[in-house]
Amino acid sequence: QPELAGDFGTLMEWADQVRRLKVRANAETPLDCQTARDFGAEGVGLCRTEHMFFDAARITAVRQMILASDEAGRRAALAKLLPEQRADFTAIFEVMAGLPVTVRLLDPPLHEFLPQQEAEFAEVATAAGVDVDTLKRRANELHEFNPMLGHRGCRLGVTYPEIYEIQAQAIFEAALDVAEKSGEAPIPEVMIPLVATRRELELMKAVVDKAAQAVFAERGKTVEYLVGTMIELPRAALKAGEIAEVGEFFSFGTNDLTQTTLGVSRDDAARFLSAYVEKGIYAKDPFVSLDVEGVGELVSLAAERGRATRAGIKLGICGEHGGDPASIAFCEQVGLDYVSASPYRVPIARLAAAQAALKAR
Ligand code: PEP
Ligand code: MG
């Protein structure tokens, strides 16, 4: 870890000797993963796969998938995306060398994928063999007034299960490839986003398990894996006891959980939140430092209810708060297993986790 050499490196070693919380990173490229490891990350807590889909080389196929009017059309586009997804995961598993990697299945606000320019529609039309007017009609049908509360997260997987199926296939094929090549099997943690109900998770877990069985049967080998969920909606926090009947781990998505609990848009909050902080309505910006009394109560209640159903269920946090020292102190109190922060915040998180552990002594 050359970046953490000298006295600072020594301090980090001391921190590691006292902290209980593990520290992972939010990372979705091999470079981010390497940076995270150099800073001492002990795994990937959130690999956001939608970022991979924005890649210039594959956005046309992604748009083709989203705009397809039926399953066959979506599968045709997904067949183009599969080799690239497999390569994405292979590269990440290689860098992470057996450390846990939580891969979150697709969670895009759909509008971000829709073509805007004529040229973009024309490219999709050529790729899909469909005329531009049909695509534009379809894009209109997909328009949402409030995309952050719309057809995103597992709702996409519920309506188009083939998307999650192909992503899961890519994850398991990559895991087997890396296991064969390096002799060290990754243990993927497949994470379903924006779950509100047990049934959603049950349906999505079935899709992932089926994809795993198909890959394992074809390859004649298996890898261990977990299927779990983000807890990022108040309903999911309240029903965590039921959700833990299906989910093998929880990761608190405190960005969305803050947005949906406070009813404040995470993208527009800047307009008025500073006035709120000035007037003492919130002590700090709740999107930076966890609103411990409100959102925190949902986190602690969900942790309790999850554990009551599934003793020892693995619990983490992957919202921005995972890199904020005050929020990390709260995570220690609630007894989470790990925090996940952006790679450059990993050292801060290691120190904050140590301070929190010392305080708890
Ligand atoms: C979250 O909502 O806290 C989260 C980690 O997911 P995203 O920021 O990608 O919505
Ligand atoms: Mg989220």
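Helices here are DSSP runs of H or I at least four residues long, numbered from the N terminus. The model shown in these close-ups is a predicted one.

**View 1**

**View 2. Helix 6 against helix 7.** Here residues 118–128 (helix 6) pack on residues 132–142 (helix 7), with the axes 9 Å apart and an angle of about 110°. That angle makes helix 6 roughly perpendicular to helix 7, because anything from 65 to 115 degrees counts that way. The crossing of helix 6 past helix 7 is right-handed. On the helix 6 side, look for Phe121, Ala122, Val124 and Ala125; they meet Val132, Leu135 and Lys136 of helix 7. The tally for this contact is 6 nonpolar, no polar and 1 charged.

**View 3. Threonine 60 and its contacts.** Threonine 60 sits in helix 4, which spans residues 59–67. Is it buried, partly exposed or exposed? Threonine 60 has 19 C-beta neighbours inside 10 Å, so it counts as partly exposed; a buried residue would need 20 or more. Setting aside neighbours within four places in sequence, threonine 60 is in contact with Glu123, Val124 and Ala127. For a sense of scale, threonine 60 and isoleucine 281 are 45 Å apart in space, C-alpha to C-alpha, and 221 residues apart in sequence.

**View 4. Helix 16 against helix 17.** In this pair, helix 16 (residues 325–334) and helix 17 (residues 346–360) have axes that come within 9 Å and cross at roughly 50°. This makes helix 16 oblique to helix 17. Helix 16 supplies Pro325, Ile328, Ala329 and Glu332 to the contact, while helix 17 brings Ile348, Ala349, Ala352, Ala353, Ala356, Ala357, Lys359 and Ala360. Those contact residues split into 10 nonpolar, no polar and 2 charged. As for handedness, helix 16 passes helix 17 in a right-handed crossing.

Conventions
Residues numbered from 1 in each chain as written. Chains lettered and ligands numbered in written order. Predicted model: local features only at pLDDT ≥ 70, side-chain atom pairs only at ≥ 80, totals over all residues. Axes fitted to C-alpha atoms, helices over the stretch in contact; angles between N-to-C directions. Helix = DSSP H or I, 4+ residues; strand = E, 2+ residues; numbered from the N terminus. Parallel < 35°, antiparallel > 145°, perpendicular 65-115°, else oblique. Left-handed = near helix turned anticlockwise from the far one by under 90°. Contact = placed C-beta atoms within 7 Å. Nonpolar A, V, L, I, M, F, W, Y, C, P; charged D, E, K, R; others polar. Buried ≥ 20, exposed ≤ 12 C-beta atoms within 10 Å, placed from the backbone.
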